[in-house]
Amino acid sequence: MSKLFIFGIGGTGSRVLRSLTMMLASGVKVGFDEVVPIIIDPDTSNADLTRTVSLLNKYSAIRSKLQFSSDENESRFFRTKIKQILPNYTLQINDTDDKTFQQFIDYASMTKANQALTKMLFSDKNLQSSMEVGFKGNPNIGSVVLNQIAHSVDFGTFASEFIDGDRIFIISSIFGGTGASGFPLLLKTLRTGNNFPNYNIINHATIGAITMLPYFKLKPDDNSEIDSSTFISKTKSALAYYESNISKNGSIDALYYLADDVAKSYENHEGGSAQQNDAHLIEFLGATAIVDFSNSTYMGTSNMELGIKDIVSAVSFNSFYQKMRSMLYNPMVQFTMMSNALTYKVDYYKSSTFAANGNFKDLYSSLFFNDLTDFFHKYHEWLKEMQENTRSLHLFNLSCGNKPFELVEGVKPKRILNRLSDYNLVTDRLNSAVRKCKSNGKENKFLEMFYLGTQRLVTDKLSN
Amino acid sequence: MGNFFGSIYCWFEDFFGLELADYMWGVSSPLSPNNSFIGIGLAMLGISLAMVLVYYYIINHPRLNNWWGWLIFLGINALVNFVVGWQWVLKDYYENKMVTNDPSTNMQIPLNIGESEILCFGVSNMILSIFAFVIFSFIFKWWSTNCSRAPF
């Protein structure tokens, strides 16, 4: 069974993984049965990372109760397995806690000549910078510290898991510190390294990456080392480096670029638990790049960008071109419909009035249902953050309340010949669907029922 | 069939009276020599079956999949059958069919059946229709998409 290994570097890596997890939950089709997320971030306490790890754990807990070994279970919700090979999905980076950069490189014990060379490459501010919360937008620091990755035990674990046919995808931002330095370094290690297991397979594996160009700003703060006014200049120099060292030398099979010229200013946090940026359209689109990569084949290096139909302040499904829309529309609408039903009408669906409940004895008091409810809460939070961000991703009408078919922004529900409407129609479809479920086990059947039911509802009421 | 329905209705003959029971059997009145239980019984069963099918397959509403939703239809069925049973017999009463021949005078004299006995027959028909509704419910509920768990 082939796997897709996804390295998420820095805060952006974690946030794109968050979006990808939501897409996998909704059943967006990826070309692999298993994905293996690996987060690379020295700032292990940053909230973007911890939130993503918590989401991945929740996904895995739900997925562990489901079986898709046969084709009997038609549901696509949570179908792709997220495999954990490292604790907290995170590749351990050593010696960054409570250390300044000069302590890390043992500056004090260097010869005079080496100290002079170091001074040419790193400012005093760089040298005295604490690395507890990452590299604070300094890729020159990151490129030194992250060199340890290839020799780490965790990287060895990754390499041992790698088999022929697996693929690798790397997520990074180009305008920060960790991602900008980590991506070229990691790619070089994967392509040329020879001191880890299966290096011969890994060296020749299909590797894709997404590099996020500036899509947000940070509010100016004299106490922070991160200054978003440098994002563009850092991006330009990094792009020049990528062109000659990544794209032109064919070391990557697919390189996706994403950016937006409309940028929101976030609070300026260098890292730690305060660094929790709201989910963003660009991260969402970054996740679609992974899906695209997993379903594509490449001959030589492909550089890719993404366009939308109209330059609008609020992007909806109608803003996407057909390929993107087809990838996302049905899975996300179905999943959102299910999450709304089990969030806003949960009392009804738990009650014995819901006829299908004869199949789901004790399900509602189980850990599985608790996890599912938590996941829906996180999903709604994610949608809301993207909707309120700039540029807004306004896919769903989150306040549709008792009108489940007024869910999709810009899509008017079709009229159909049926005496039932709204949630009564949803329930009717679910009750019909449960009779068609072929899967075994109440958890499988529960999600398959919602999958088949919402599939028919989307076709009948919300298709174009 | 006449015996079948007659014996069922006669569970209540103490309630609606022996004279009316005899009349319904068709043994006391020369103007009504046939077993009337067959017609009323078939009507009662037909109406109850129709109500069950309407509830489980025509209305089949997700919100009615509970004991009170089922009870509403049971109540409607009972009411309809009460009226049908009552009016069915009352019609004979007003048409003066409830008579018998007096052997001494060879004249037709009215049977000792009043409107209250006929009302009691309507109630008996209603009670039987409730049984029928319950039985039909447990036969047909399983294939209903939205109401298969009613009454429980």
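Helix 11 of chain A is largely enclosed by the rest of the structure, because 14 of its 14 residues are buried. The model is predicted. At 1.5 Å a residue the 14 residues of helix 11 of chain A should span 20 Å, and the end C-alpha atoms are 20 Å apart, which agrees.

**Domains of chain A**

The domain assignment divides chain A into domain 1 (3–96 + 131–306) and domain 2 (322–461). Taken over C-alpha atoms, the centres of domain 1 and domain 2 of chain A are separated by 30 Å. Their contact takes 31 residues from domain 1 of chain A and 30 residues from domain 2 of chain A. On the side of domain 1 that touches domain 2, at least two residues are supplied by each of helix 1 (10–26), helix 2 (47–63) and helix 11 (281–294) of chain A. The largest share of that side, 5 residues, comes from helix 2 of chain A. By class, the residues of the side of domain 1 that touches domain 2 are 15 nonpolar, 7 polar and 9 charged.

**Chain B**

Chain B contains 6 helices and 2 strands, and from the N terminus on its elements run α-α-α-α-α-β-β-α. The C-alpha trace of chain B spans about 65 × 25 × 25 Å along its principal axes. Of the 152 residues in chain B, 38% are buried. Among contacts in chain B with a separation of 6 or more, 77% join residues 24 or more positions apart.

Between the chains, 10 residues of chain B are in contact with 9 residues of chain A. The side of chain B that touches chain A has 2 nonpolar, 6 polar and 2 charged residues.

**Backbone exceptions**

Most residues other than glycine have a negative phi, and most peptide bonds are trans. The table lists exceptions to both.

| Item | Feature | Value |
|---|---|---|
| A:Thr390 to A:Arg391 | cis peptide bond | omega near -5° |
| B:Ala150 to B:Pro151 | cis peptide bond | omega near 5° |
| A:Asp422 | positive phi | near 50° |
| B:Asn96 | positive phi | about 60° |

A:Arg391 lies in the loop between helix 14 (367–388) and strand 12 (392–393) of chain A. B:Pro151 is in the segment after helix 6 (115–140) of chain B.

A:Asp422 belongs to helix 15 (residues 422–434) of chain A. A:Asp422 counts as partly exposed because it has 15 C-beta neighbours inside 10 Å. B:Asn96 is in the loop between helix 5 (67–94) and strand 1 (99–102) of chain B. With 11 C-beta neighbours inside 10 Å, B:Asn96 counts as exposed.

Note on methods:
Residues are numbered from 1 along each chain as its sequence is written. Chains are lettered from A and ligands numbered from 1 in the order in which they are written. This is a predicted model: local features need pLDDT of at least 70, side-chain atom pairs count only at pLDDT 80 or more; totals for chains, interfaces and linings use all residues. Domain bounds come from an automatic or database domain assignment. Two residues are in contact if their C-beta atoms, placed from the backbone, lie within 7 Å. Helices (H or I, at least four residues) and strands (E, at least two) are DSSP runs, numbered from the N terminus. Ala, Val, Leu, Ile, Met, Phe, Trp, Tyr, Cys and Pro count as nonpolar, Asp, Glu, Lys and Arg as charged, and the others, Gly among them, as polar. A residue is buried if 20 or more other C-beta atoms lie within 10 Å of its own, exposed if 12 or fewer, and partly exposed in between; C-beta atoms are placed from the backbone. The expected span of a helix is 1.5 Å times one less than its number of residues.
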